[in-house]
Amino acid sequence: LSDSNMATAVGQSRIILHTTNGGAEEQIDELPTAFLLSQNYPNPFNPKTRIQYSVISNKKVTLKVYDVLGREVAALVNEEKPAGEYEVEFNGANLPSGIYFYQLKAGEFTQTRKMVLLK
């Protein structure tokens with residue numbers, strides 16, 4: 001759907017402007033300027049936690065959770081993502097208490113962080 005009142009623009013400073021009423025109200029979103037994998041919150045957690053990450057350009061993104069032996073226990077994201085900030089929830093209800101690692105891969109970027117599940 002589009003009409004003469006709807007518009008979206010992306011500026012050089014990675015700012016997105018969007019209007020649906022010809023400009024009377026605008027939504028301004030800044031695109032991230034760096035890939036980022038944030039520390040999960042809460043940490044320690046029981047049984048759910050949130051993981052935030054940022055992608056600066058359209059990339060194939062994977063976000064996986066591993067146990068201390070390096071075995072994959074969950075694949076939270078496995079798809080193409082446009083630039084933006086994202087949040088996923090991880091539910092460890094079916095896992096034992098312990099230390100886990102979550103890893104973000106987006107293009108050439110890779111980052112891993114530690115989280116603790118306490119039941």
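Colleague: Which glycine in the hairpin of S6 and S7 takes a positive phi?
Modeller: That's glycine 70, with a phi near 85°. The hairpin has 4 residues between its strands. Keep in mind that this is a predicted model.

Colleague: Thanks! How many bridges join S6 to S7, and how do the two run?
Modeller: There are 8 bridges, and S6 and S7 run antiparallel. To see one of them, find threonine 62: its bridge partner in S7 is asparagine 78.

Colleague: And how many bridges join S6 to S9?
Modeller: S6 and S9 are joined by 7 bridges, again in an antiparallel arrangement. Here you could look at aspartate 67, which has tyrosine 100 as its bridge partner in S9.

Colleague: What order do the strands have in the open sheet?
Modeller: The order is S7-S6-S9-S10, so to speak reading across the 4 strands, with antiparallel pairing.

Colleague: Which strands stand at the edges, and why is one side of each left without a neighbour?
Modeller: S7 and S10 are the edge strands.

Colleague: By how much are neighbouring strands turned against each other?
Modeller: By 15° on average, ignoring direction.

Colleague: Switching topic: which residues touch the most other members of the largest nonpolar core?
Modeller: Tyr53, Leu63 and Phe90 do, in a core of 20 residues. The elements giving two or more residues to this core are S5 (48–55), S6 (59–67), S7 (72–81), S8 (84–91), S9 (98–106) and S10 (109–117).

Colleague: Which of them gives the most?
Modeller: S9 does, with 4 residues. As background, nonpolar side chains tend to be buried together in soluble globular proteins.

Colleague: What is phenylalanine 90 in contact with, leaving aside its neighbours within four places in sequence?
Modeller: Quite a list! Phenylalanine 90 is in contact with Phe45, Pro47, Lys48, Thr49, Ile51, Val65, Ala74, Leu76, Leu95 and Met115.

Colleague: What does alanine 34 touch, not counting residues up to four places away in sequence?
Modeller: Alanine 34 touches Ser54 and Ile56. The C-alpha atoms of alanine 34 and isoleucine 56 are separated by 5.8 Å, although the two are 22 residues apart along the chain.

Terms used. Residues are numbered from 1 along each chain as its sequence is written. This is a predicted model: local features need pLDDT of at least 70, side-chain atom pairs count only at pLDDT 80 or more; totals for chains, interfaces and linings use all residues. Side-chain values use heavy atoms; hydrogens and water are left out. A nonpolar core is a set of buried Ala, Val, Leu, Ile, Met, Phe, Trp, Tyr and Cys residues joined through side-chain atoms within 4.5 Å. Buried means under 20% relative accessible area, exposed over 50%, partly exposed in between (1.4 Å probe, protein chains only). Contact means heavy atoms within 4.5 Å. Two strands pair if DSSP finds at least two bridges between them. Axes are lines fitted to C-alpha atoms, for helices over the stretch in contact, and angles run from 0 to 180 degrees between N-to-C directions.
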